[in-house]
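This report examines a single chain through its charged pairs, its sheet and its nonpolar core.

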Amino acid sequence: QVQLVESGGGLVQAGGSLRLSCAASGGLFSNYIMGWFRQAPGKEREFVSRIRWSGDMTLYADSVKGRFTISRDNAENTVYLQMNSLKAEDTAVYYCAAKVNIFVSEYTYWGQGTQVTVSS
(Lines give C-alpha, C1' and ligand atoms only; values in the text may rest on other atoms or scores of the structure.)
Protein backbone atom coordinates (compact mmCIF):
# COMPACT_ATOMS: atom_id res chain seq x y z
CA GLN A 1 0.00 0.00 0.00
CA VAL A 2 1.51 3.27 -1.13
CA GLN A 3 1.39 6.10 1.39
CA LEU A 4 2.06 9.73 0.55
CA VAL A 5 2.79 12.55 2.99
CA GLU A 6 3.08 16.14 1.82
CA SER A 7 4.95 18.91 3.60
CA GLY A 8 6.40 22.33 2.88
CA GLY A 9 3.30 24.44 2.57
CA GLY A 10 2.93 27.78 4.26
CA LEU A 11 2.34 31.49 3.88
CA VAL A 12 4.45 33.41 1.40
CA GLN A 13 4.28 36.80 -0.26
CA ALA A 14 3.56 37.12 -3.94
CA GLY A 15 6.75 36.67 -5.92
CA GLY A 16 8.20 34.34 -3.32
CA SER A 17 9.04 30.66 -3.45
CA LEU A 18 8.13 27.45 -1.68
CA ARG A 19 9.20 23.86 -2.13
CA LEU A 20 6.68 21.15 -1.46
CA SER A 21 7.76 17.62 -0.63
CA CYS A 22 5.89 14.35 -1.00
CA ALA A 23 7.40 11.47 0.94
CA ALA A 24 6.36 8.13 -0.48
CA SER A 25 6.41 4.74 1.18
CA GLY A 26 5.01 1.29 0.53
CA GLY A 27 6.91 0.45 -2.61
CA LEU A 28 7.03 2.43 -5.83
CA PHE A 29 8.19 1.14 -9.18
CA SER A 30 9.81 3.05 -12.00
CA ASN A 31 6.59 3.28 -14.01
CA TYR A 32 4.61 4.92 -11.24
CA ILE A 33 3.36 8.39 -12.11
CA MET A 34 3.57 10.98 -9.34
CA GLY A 35 1.32 13.98 -9.63
CA TRP A 36 0.68 17.26 -7.89
CA PHE A 37 -2.84 18.67 -7.79
CA ARG A 38 -4.35 21.65 -6.05
CA GLN A 39 -7.75 22.78 -4.90
CA ALA A 40 -8.60 26.38 -4.14
CA PRO A 41 -11.63 27.32 -2.01
CA GLY A 42 -14.83 26.96 -3.98
CA LYS A 43 -13.06 25.45 -6.97
CA GLU A 44 -12.55 21.97 -8.31
CA ARG A 45 -9.30 20.15 -7.87
CA GLU A 46 -6.94 20.79 -10.77
CA PHE A 47 -3.84 19.18 -12.17
CA VAL A 48 -0.55 20.98 -11.55
CA SER A 49 2.27 18.71 -12.64
CA ARG A 50 3.41 15.12 -12.91
CA ILE A 51 6.55 13.03 -13.30
CA ARG A 52 7.28 9.36 -13.76
CA TRP A 53 9.14 7.82 -10.87
CA SER A 54 12.00 7.07 -13.25
CA GLY A 55 12.39 10.82 -13.63
CA ASP A 56 11.01 11.41 -17.12
CA MET A 57 7.60 12.25 -18.55
CA THR A 58 7.23 15.58 -16.81
CA LEU A 59 4.18 17.68 -17.57
CA TYR A 60 2.89 21.01 -16.29
CA ALA A 61 -0.37 22.88 -16.34
CA ASP A 62 -0.16 26.01 -18.46
CA SER A 63 -0.85 28.13 -15.40
CA VAL A 64 2.40 27.03 -13.70
CA LYS A 65 4.66 26.36 -16.67
CA GLY A 66 7.94 28.22 -16.31
CA ARG A 67 7.38 28.89 -12.60
CA PHE A 68 7.06 25.41 -11.05
CA THR A 69 9.48 22.51 -11.35
CA ILE A 70 8.75 18.91 -10.41
CA SER A 71 11.53 16.51 -9.49
CA ARG A 72 12.13 13.34 -7.53
CA ASP A 73 14.84 11.88 -5.34
CA ASN A 74 14.80 8.10 -5.49
CA ALA A 75 17.19 7.76 -2.57
CA GLU A 76 14.83 9.78 -0.39
CA ASN A 77 11.65 8.35 -1.96
CA THR A 78 10.46 11.92 -2.31
CA VAL A 79 8.88 14.01 -5.04
CA TYR A 80 9.33 17.76 -4.94
CA LEU A 81 7.46 20.71 -6.38
CA GLN A 82 9.57 23.84 -6.49
CA MET A 83 7.28 26.82 -6.82
CA ASN A 84 8.76 30.17 -7.82
CA SER A 85 7.23 33.55 -8.65
CA LEU A 86 4.17 32.63 -6.67
CA LYS A 87 0.93 34.47 -7.31
CA ALA A 88 -2.17 34.96 -5.20
CA GLU A 89 -4.03 32.61 -7.53
CA ASP A 90 -1.65 29.81 -6.54
CA THR A 91 -3.29 29.76 -3.12
CA ALA A 92 -4.74 26.29 -2.60
CA VAL A 93 -4.37 23.00 -0.82
CA TYR A 94 -1.77 21.02 -2.73
CA TYR A 95 -2.06 17.26 -2.97
CA CYS A 96 0.44 14.63 -3.99
CA ALA A 97 -0.92 11.60 -5.83
CA ALA A 98 0.32 8.41 -7.45
CA LYS A 99 -0.87 5.90 -10.01
CA VAL A 100 0.71 2.73 -11.29
CA ASN A 101 1.49 3.91 -14.82
CA ILE A 102 0.75 6.52 -17.46
CA PHE A 103 -2.03 4.46 -19.04
CA VAL A 104 -4.21 4.53 -15.94
CA SER A 105 -6.54 7.53 -15.98
CA GLU A 106 -7.22 7.91 -12.28
CA TYR A 107 -4.72 8.45 -9.51
CA THR A 108 -5.07 5.74 -6.90
CA TYR A 109 -3.11 7.06 -3.95
CA TRP A 110 -3.45 10.50 -2.39
CA GLY A 111 -1.78 12.43 0.39
CA GLN A 112 -3.59 14.51 2.97
CA GLY A 113 -2.65 17.84 1.38
CA THR A 114 -0.63 20.86 2.42
CA GLN A 115 -1.90 24.45 2.45
CA VAL A 116 -0.17 27.09 0.35
CA THR A 117 -1.24 30.68 0.89
CA VAL A 118 0.18 33.48 -1.23
CA SER A 119 -0.49 36.99 0.01
CA SER A 120 -0.71 39.79 -2.51
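## Basis and terms

Burial is expressed as relative accessible area, found with a 1.4 Å probe on protein chains only: buried means under 20%, exposed means over 50%, and partly exposed lies in between. The model is predicted, so that local features need pLDDT of at least 70 and side-chain atom pairs count only at pLDDT 80 or more, while totals for chains, interfaces and linings use all residues. Residues are numbered from 1 along each chain as its sequence is written, and side-chain values use heavy atoms, with hydrogens and water left out.

Side chains of opposite charge can pair when their charged atoms come close. With a salt bridge taken as a side-chain nitrogen of Lys or Arg within 4 Å of a carboxyl oxygen of Asp or Glu, a search of the whole structure finds 5 of them. One of these joins Glu46 to Arg38, with the closest N and O atoms 2.6 Å apart. Because its relative accessibility is 35%, Glu46 counts as partly exposed, whereas Arg38, at 6%, counts as buried.

Arg38 also forms a salt bridge with Asp90, where the closest N and O atoms are 2.9 Å apart. Arg38 lies in strand β4 (residues 33-39) and Asp90 in the loop between β8 (78-83) and β9 (92-99), so the pair ties together parts that are 52 residues apart in sequence; strands here are DSSP runs (E, at least two residues), numbered from the N terminus. Asp90 has a further salt bridge with Arg67, at 2.7 Å between the closest N and O atoms. Since Arg67 lies in the loop between β6 (59-60) and β7 (68-73) and Asp90 in the loop between β8 and β9, this pair ties together parts that are 23 residues apart in sequence. Arg67 is buried, with a relative accessible area of 11%, and Asp90 counts as buried at 1%. Through shared partners, the salt bridges join Arg38, Glu46, Arg67 and Asp90 into one network.

## Other contacts of Arg38

Polar contacts are pairs of N or O atoms within 3.5 Å; within protein, one atom must be able to donate a hydrogen and the other to accept it, and residues adjacent in sequence count only if both atoms are side-chain atoms. The side chain of Arg38 makes such a contact with the side chain of Ser63 (3.5 Å), and another, of 2.9 Å, with the side chain of Tyr94.

Two strands are taken to pair if DSSP finds at least two bridges between them. On this basis, 4 strands form an open sheet in the order β1-β3-β8-β7, with antiparallel pairing. Its edge strands are β1 (3-7) and β7, each of which pairs on one side only. Between the antiparallel strands β7 and β8 there are 6 bridges, and Arg72 stands opposite Val79 in β8.

## The nonpolar core

A nonpolar core is a set of buried Ala, Val, Leu, Ile, Met, Phe, Trp, Tyr and Cys residues joined through side-chain atoms within 4.5 Å. The largest has 31 residues, and those with the most contacts inside it are Leu4, Met34, Trp36, Leu81, Met83 and Tyr94. At least two residues of this core come from each of β3 (18-25), β4, β5 (46-52), β7, β8, β9 and β11 (114-119).
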